[in-house]
Amino acid sequence: MPGHQGKGLGKRIMREIMDYLDANVPPSGYVSLIADGKAQELYAQFGFEPTAPAGAGMAYKPRAAQPAR
């Protein structure tokens with residue numbers, strides 16, 4: 001939300017996430033995320049790097065529930 005941007009909240013959240021990852025993900029682990037827009041700049045500050053062209057984020061948006069057949 002624009003009113004909350006620029007106050008360091010994203011960095012505080014990311015520091016907590018990184019502390020968790022550092023404590024719980026083994027060295028052989030792989031952590032990925034989807035970064036939209038300027039969020040890429042925030043994540044890069046914490047060591048995340050683009051995976052393209054070796055990989056690409058993908059999404060599936062399910063259709064409305066269909067009646068059982």
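**Pockets and core**

1. The lining of the largest pocket counts 16 nonpolar, 7 polar and 2 charged residues. Here Ala, Val, Leu, Ile, Met, Phe, Trp, Tyr, Cys and Pro count as nonpolar, Asp, Glu, Lys and Arg as charged, and the others, Gly among them, as polar.

2. A word on the basis: this is a predicted model, where local features need pLDDT of at least 70, side-chain atom pairs count only at pLDDT 80 or more, and totals for chains, interfaces and linings use all residues. Residues are numbered from 1 along each chain as its sequence is written, and side-chain values use heavy atoms, with hydrogens and water left out.

3. That largest pocket has a volume of about 700 Å³. Of its 25 lining residues, Leu33, Phe48, Glu49, Pro50 and Thr51 lie nearest the centre.

4. The second largest pocket has a volume of about 280 Å³. Among the residues lining this second pocket are His4, Lys7, Ile13 and Leu42. By class, its lining splits into 3 nonpolar, 5 polar and 2 charged residues.

5. Do look at the largest nonpolar core too: its 7 residues are Met14, Met18, Leu21, Leu42, Tyr43, Phe46 and Phe48. Such a core is a set of buried Ala, Val, Leu, Ile, Met, Phe, Trp, Tyr and Cys residues joined through side-chain atoms within 4.5 Å, where buried means under 20% relative accessible area with a 1.4 Å probe, protein chains only.

Conventions
Buried means under 20% relative accessible area, exposed over 50%, partly exposed in between (1.4 Å probe, protein chains only). On a 1 Å grid over the protein atoms alone, a cavity is a set of points where a 1.4 Å probe fits but cannot get out, and a pocket is an open set with protein on both sides within 12 Å along at least five of seven lines; lining residues have an atom within 4 Å of a point. Grid points are joined across faces, edges and corners, and a volume is the space filled by probe spheres set on the points.
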